2 protein chains.
Amino acid sequence: MGGKRVSIRDVAARAGVSTATVSNVFSGRKAVNDALRKRVLQAGAELGYSVDRAASQLRSGRTSVIAVLVPDLTDTFFATIVTSIEARASMLGYDVIVASSRDDRATEASRLKALLAWRPAGIIAVPCSNDMPAALTDNSDGLPVVLVDRVARDLRSVDSVVIDNADAGEIAARHLVEHGHRHIVIASSRNEIAPIAERIAAASRFIVDKTGIEPTVLEVGTVPEQGAGIFTKWLERHPVPDAVMATTNVTTLAVLSAFARFHIAVPDRTSLVAFDDDTWMSARNTGLTAVRQPVEEIAEAAFERLMFRMNHAGDAKPKSIVLGASLVVRASVARRSADPRGDGDETDIEGHMRTVEEARRRAKNSLH
Amino acid sequence: MGGKRVSIRDVAARAGVSTATVSNVFSGRKAVNDALRKRVLQAGAELGYSVDRAASQLRSGRTSVIAVLVPDLTDTFFATIVTSIEARASMLGYDVIVASSRDDRATEASRLKALLAWRPAGIIAVPCSNDMPAALTDNSDGLPVVLVDRVARDLRSVDSVVIDNADAGEIAARHLVEHGHRHIVIASSRNEIAPIAERIAAASRFIVDKTGIEPTVLEVGTVPEQGAGIFTKWLERHPVPDAVMATTNVTTLAVLSAFARFHIAVPDRTSLVAFDDDTWMSARNTGLTAVRQPVEEIAEAAFERLMFRMNHAGDAKPKSIVLGASLVVRASVARRSADPRGDGDETDIEGHMRTVEEARRRAKNSLH
DNA sequence: CTGAAAGCGCTAACAG
DNA sequence: CTGTTAGCGCTTTCAG
């Protein structure tokens with residue numbers, strides 16, 4: 001039940017030295033005679049002293065906080081990034097303060113203000129929209145900022161780390177098309193999110209080019225359960241597509257949940273390209289073929305870039321680091337023989353309709 | 001490229017008031033004339049002022065940091081808890097600083113020291129071992145502490161939030177036994193972790209009581225990939241059990257991954273009770289029957305208790321809050337007809353051996 | 001209700 | 001190499 005906190009003065013008194021010496025011992029910024037050093041350390045240990053970071057930061061102006069803002073810590077993609085940053089930061093003596101914007105701009109703004117109030121040494125943020133969060137736009141005091149993932153292509157005013165989203169989309173689309181799939185649904189989280197938009201655009205372009213058939217883009221949001229509901233509803237009214245392409249790990253989950261409700265078998269009944277390479281995706285009898293983002297590398301790049309910024313204030317132009325995605329081929333995409341009904345032709349509407357009916361029937365049988 | 005940070009003095013000057021008034025306006029601790037208030041707010045906005053939390057904390061002694069320590073942010077169970085705490089904390093004006101111990105006691109100690117250096121208002125920790133982390137044992141200055149999850153049954157010296165692990169274990173065991181399963185493998189993460197030990201003990205006791213057959217307890221660790229490897233190895237040398245009972249979400253993943261490698265079908269070939277109720281567990285054609293921990297409630301209870309502690313320093317005895325777990329029945333446990341070979345009898349070793357051979361054969365066929 | 005002044009715990013600058 | 005002293009930005013008496 002606490003006596004007063006022990007301060008640098010207590011240690012100084014006990015060791016019979018000045019506070020400055022104690023400070024030097026603990027910060028290591030100035031050499032201290034070894035005998036004294038030991039005495040100070042000893043005294044510190046006996047009293048259970050540890051330097052107060054708030055005070056230290058206030059006085060020195062040097063700060064040891066790195067702020068991290070993500071839309072949702074529960075999403076493994078973001079959680080992995082945060083974990084990685086925290087590990088790297090702590091190794092260099094920084095502490096990480098996290099905040100989640102819950103994918104909401106207002107929350108984001110307010111959390112960001114709170115983070116900034118700690119005068120962090122730098123901030124790594126996954127914005128919930130594509131723009132620079134407002135609180136960061138007027139970055140008049142040169143706070144090092146690195147944006148990750150949700151960054152519009154043309155936003156070149158800050159350092160950023162993204163993946164080649166167009167390529168990621170195309171990789172998935174190509175795999176599907178090459179396996180003979182024609183009627184493809186792209187499961188989007190929210191179309192206005194830049195990386196999602198880019199994945200979709202590239203995939204659509206590729207699919208239309210090769211097959212002449214426009215894929216269906218369905219927004220299912222960023223919450224798995226809701227997404228499952230939305231996709232389920234869609235499946236009730238539409239034929240089961242040849243294949244589905246997910247654009248995030250959450251959309252993957254949503255799609256799979258909906259499939260489960262109708263007992264739609266992957267890849268027998270329909271194929272799926274997942275997004276992100278979460279552990280659970282391979283812990284199944286038919287492992288999920290997935291577009292893999294190099295999460296660890298993303299975190300590393302973001303952290304490195306932040307460090308760079310912290311050491312080279314305003315010089316150096318903002319840099320947009322783009323990492324590659326890759327396809328992990330497993331078993332969720334089947335080869336589909338060319339459709340004899342003639343791809344992209346209006347006449348195939350009949351085939352479509354037939355499947356619609358079938359889907360309806362199945363829906364009725366399966367749901368409750 | 002930053003001019004000096006704007007301080008309370010700048011705002012005071014601009015508004016033509018004293019710094020004390022500005023402080024009162026921003027902290028809201030003392031009423032300020034409305035006209036003045038507006039002027040101050042205005043000036044603050046124009047200058048982009050925000051109070052420096054480090055300075056504020058230093059002077060006032062009041063602190064707005066809540067420290068959170070978990071073994072691994074990547075584990076959805078912990079990530080969910082952190083998310084929930086962060087949301088609640090931020091609503092009350094607290095900021096969360098997180099650290100991950102990477103399941104290592106040395107790391108834990110050092111991260112804890114770093115957290116404590118911020119003089120947090122309180123700390124919520126999931127220890128990596130069962131004991132009170134050393135840095136917290138000598139809690140002479142009455143820092144509010146709430147321990148979560150990895151807390152030994154008899155550790156009554158601190159507030160803690162756990163689930164009824166014995167019950168959780170028994171629930172799973174009963175479900176399996178009632179469905180006619182006899183040869184059961186319990187997938188442990190690490191046996192020395194208190195909650196795991198309790199789950200296993202209760203499950204084993206129940207299984208032995210009812211069937212006379214001792215379950216096999218297999219430690220697979222806390223990393224999914226490694227766990228998969230370990231369980232895979234085990235499967236190569238042993239018959240496929242009637243059922244597997246997982247004790248964490250990671251062990252669930254490990255088991256499933258190993259099953260996938262051998263194409264062991266759940267529940268046709270063997271049954272599985274999963275642990276934790278992650279989204280992916282239901283996003284499958286055969287949804288996983290799972291023991292569900294009330295994660296959200298755990299986080300809430302921990303946070304509430306921390307708040308309580310923060311407001312009632314040393315009074316009130318430490319409390320151990322125990323929440324219940326429940327079984328979510330889905331489709332991964334099949335009914336197995338009673339074994340005609342006689343349960344628990346030595347003679348059933350023959351049947352066993354036969355299966356070993358079969359497993360070996362399958363393993364050879366499936367691997368690479 | 002507002003202002004002046006002191007000082008939280010620490011580190012920077014400078015003197016010794 | 002060590003000590004003295006001032007003061008980071010803020011909040012808090014305490015006068016007015």
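Because the model is predicted, local features need pLDDT of at least 70 and side-chain atom pairs count only at pLDDT 80 or more, while totals for chains, interfaces and linings use all residues. Residues are numbered from 1 along each chain as its sequence is written, and chains are lettered from A and ligands numbered from 1 in the order in which they are written.

Chain A contains 14 helices and 12 strands. Helices (H or I, at least four residues) and strands (E, at least two) are DSSP runs, numbered from the N terminus. Of the 368 residues in chain A, 49% are buried. A residue is buried if 20 or more other C-beta atoms lie within 10 Å of its own, exposed if 12 or fewer, and partly exposed in between, with C-beta atoms placed from the backbone. Among contacts in chain A between residues at least 6 apart in sequence, those joining residues at least 24 apart account for 71%. Two residues are in contact if their C-beta atoms, placed from the backbone, lie within 7 Å.

Helix H4 of chain B spans residues 53-60, and Arg53(B), Ala54(B), Ser56(B) and Gln57(B) are buried in it. These residues lie on the same side of H4(B) because they cover an arc of only 165° around the axis. The arc is that of the directions from the helix axis to the C-beta atoms. Helix H4 (53-60) of chain A is included in what covers the buried residues of H4(B). Just after H4(B), Gly61(B) has a positive phi of about 80°.

The surface near DNA strand C comprises 12 nonpolar, 10 polar and 6 charged residues.

H2 and H4 of chain A and H2 and H4 of chain B each supply at least two residues here. The classes near DNA strand D are 12 nonpolar, 10 polar and 7 charged.

A helix pair in chain B was also examined. The axes of H8(B) (165-178) and H9(B) (194-211) come within 7 Å and cross at roughly 35°. Axes are lines fitted to C-alpha atoms, for helices over the stretch in contact, and angles run from 0 to 180 degrees between N-to-C directions. Residues making the contact include Ala166(B) and Val177(B) of H8(B) and Phe206(B) and Ile207(B) of H9(B). The contact residues divide into 12 nonpolar, 3 polar and 5 charged.

Several local backbone features stand apart from the helices. A cis peptide bond joins Val266(A) and Pro267(A), with omega about 5°. Pro267(A) is in the loop between helix H11 (249-262) and strand S9 (271-275) of chain A. In chain B, a cis peptide bond joins Val266(B) and Pro267(B), with omega about 5°.

Asp103(A) is not a glycine, yet its phi is positive, near 60°. Asp103(A) lies in the loop between strand S2 (95-100) and H6 of chain A. It is buried, with 20 other C-beta atoms within 10 Å. Asp149(B), also not a glycine, has a positive phi of about 70°. Its loop runs between strand S4 (145-148) and strand S5 (159-163) of chain B. Asp149(B) counts as buried because 23 C-beta neighbours lie inside 10 Å.

Notes:
Ala, Val, Leu, Ile, Met, Phe, Trp, Tyr, Cys and Pro count as nonpolar, Asp, Glu, Lys and Arg as charged, and the others, Gly among them, as polar.
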